[in-house]
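I opened my notebook to look up a few things in a structure. Here is what I looked at, in order.

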Amino acid sequence: MSKKIVSFPMLGNYSVPIKYFLSHILDCKILEPLKITSKTIELGNCNSPEFVCTPFKFTLGTYIEDLKRGANVLFQAGGGCRYGYYFELQDKILKDLGYDFKYINLVTKGDQDLKKIYQDLKELNPHLKVDKVLYYGIITKTMIKYMDKCDDYIRQNIGFEVVKGSFEKINKKMLEEFSKVKNIFKLRKIYKKYYKEMKKVKTNKPKETLRVGIIGELYTIMEPFANYYLERELASYNIEIKRYTNVHYLLFEKKRTVKKYLKYAKEYIKYRMGADAADNIGRCKYLCTHNYDGIIHIKSAFCTPEIGAMPIINKICKEYDVPVIFFSFDANTSETGIKTRIEAFYDMIEMRKKNERMLSRN
Amino acid sequence: MNECYLGIDIGSISTKGVIIDNDNNIIASLYSWTEGNPIEAVKKLIKNLKKQLPNNYQIKGIGTTGSARKLIGLMLDANIVKNEITAHSVGTLNFYPDVRTILEIGGQDSKIIIINNGIITDYSMNTLCAAGTGAFLSSQAKRLGIDIEEFGEMAYKSNNPVKIAARCTVFAESDLVHKAQIGYKIDDIVSGLCKSIVLNYLNNVGKGKKIIGPIVFQGGVSKNIGVVKYFKEILNQEIIVDPNSHLMGAIGIAILARKNKIGKVYDLNIKDIKFEINGEECERCSNCCEILKIYKNDELVDAWGSKCGREFK
């Protein structure tokens, strides 16, 4: 194999920290994946089995685009549900298509095996040292944490910004500086600077707003193209959004938190159901008991763990009388249908809120 | 001069229009076919409504709903454009304030709305399949050579509905063909079809919903007495079908137009307005968005469909 060119799947803005990490520990070229477009999905769709879950099609499409652009080392990190089989199946499909490449899975048997990851990386860069990996690993972890914190703040306020697009602009600038950061102190400084700037953005947020929690399958939640920019749509209705799933949660918090969730919602769930199903049931109970006005559950079509969680979520919401709406996205979803349902959902929760206020006044 | 408000519900199959006064009384109404051309259908509809409207009324608000709501809303400069679910609920609540469940079966979609104390608490709409909607009924009626208006009566008369596998329209049709070929009476087949619509609706749209009376059934299919009969039989409850059940969405949006009026007077002279839509594929990135450009009298008034928010003006 000639010069190594490394690439990875696309996931929201997380390509920035991933690229940062890889480019510092490997001495080969890192090819940043293109943004997901209709063409990516088409490519993934026509080479995937019909009834596989949608993230498979999206990531496969990205890989094909990357390989066409010259990549020859690909990273995947899958485990927890059917996602665990992506690696083998995608490897086979891509090799059948005639591409020659090295495919590395960062997850073994559903767990992060740090020793194996190190060995895999060492194969790519024989001069690799442990301390270097740790050093940049910590910076990357912190970067993800900061990104997620900013995202949380943006999500709560973006619907109310006075000048449209101001949050996105700041976030973009921050990510750009993040990608060039030298050390952890500098990173912290940049984060503080931009976080302050975000807090300064003028918003016209009323005291009482409609608050909606988004739960569901992780990929569809995190990649805006996969959920048809649902958050943007909700923000246009001046809704405050609460979302739990982000990369920091998945990589560093999930293990501990799942046990908490299982205990917290023990009247509804006893065992883990794979992927994020148990987490979502716990979150659903939390949202229901903390005065949220509605819950939106999204998943990619054919996501088995979430299909198992849906009836339980429905039951919890019925018991607490909180409106819930379920969306299932895939490449063939009609955008108009989604918009109609979101609009109706907004009308519904607004009507309920008005009614509640009237009742409490009397 | 009396004030009145126009509500238009442009569905996939039919276009409905009503004009109401300040007390929500219907002054003029029309039910017509969309025939795949919402702009022409609305032009015709308005021409007809204008004839019905007495001289001493002026239109102070316009609302649009249904699948072509955005386009027609732009064309008429409507003061409110709302989804069908809200419009139907508002319309029904006006006539039946204590309604708990609204069943609605239209041309392409069907929905269920659960209401508690006059507010929507839950709703759902069909997602994947059109088995169990008006379009399926009308296509089958055409295939059997029966007028859609007679369809319900035929179904109502029969006491021996044929069992039809109605999970999917295509398989339902092959099952229908099969039942006809082995010699079932046409009345029984039609009746079985109506029953299958009800079962399909309750299994898909109504799944997991608690259906409590009073129940109001509306949408075009509510005019089919065969379907109403089986809803009564299967739910074992009284089903209310309003004489204006087919207009309920339009009435609802007219009421919303009244509530949201902005003080503008509409003259409804759209006969001579040239309204054109041009679809094109954007080639700036590999998203290849389908862009709809809307021209009013050869002037670009709006463009929809870009994922990136590209400006066109």
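Predicted model: local features only at pLDDT ≥ 70, side-chain atom pairs only at ≥ 80, totals over all residues.

Residues are numbered from 1 along each chain as its sequence is written, chains are lettered from A and ligands numbered from 1 in the order in which they are written, and side-chain values use heavy atoms, with hydrogens and water left out.

**Entry: positive patch.** I looked for charge on the surface and found a patch of positive charge that includes Lys141(A), Arg188(A) and Arg256(A). Such patches take residues with over 30% relative accessible area and no salt bridge, with like charges joined within 9 Å. A salt bridge here is a side-chain nitrogen of Lys or Arg within 4 Å of a carboxyl oxygen of Asp or Glu.

Which element gives the most to the patch? I found that α8(A) does, with 4 residues. Helices are DSSP runs of H or I with at least four residues, and strands are E runs of at least two.

**Entry: Lys141(A).** I placed Lys141(A) in helix α6 of chain A. Lys141(A) is partly exposed because its relative accessible area is 32%; buried means under 20%, exposed over 50%, and partly exposed in between (1.4 Å probe, protein chains only).

**Entry: Cys81(A).** I found Cys81(A) in the loop between β3 (73–76) and α4 (86–96) of chain A. Its C-alpha atom is 8.9 Å from that of Met273(A), 192 residues apart along the chain.

Key
Patch = residues over 30% accessible without salt bridge, like charges linked within 9 Å, V, L, I, M, F, W, Y side chains within 5 Å. Areas by Shrake-Rupley, 256 points an atom, 1.4 Å probe, with all protein chains shown as cover. Lys, Arg positive; Asp, Glu negative; His and termini not counted. Charge placed at Lys NZ, Arg CZ, Asp CG, Glu CD.
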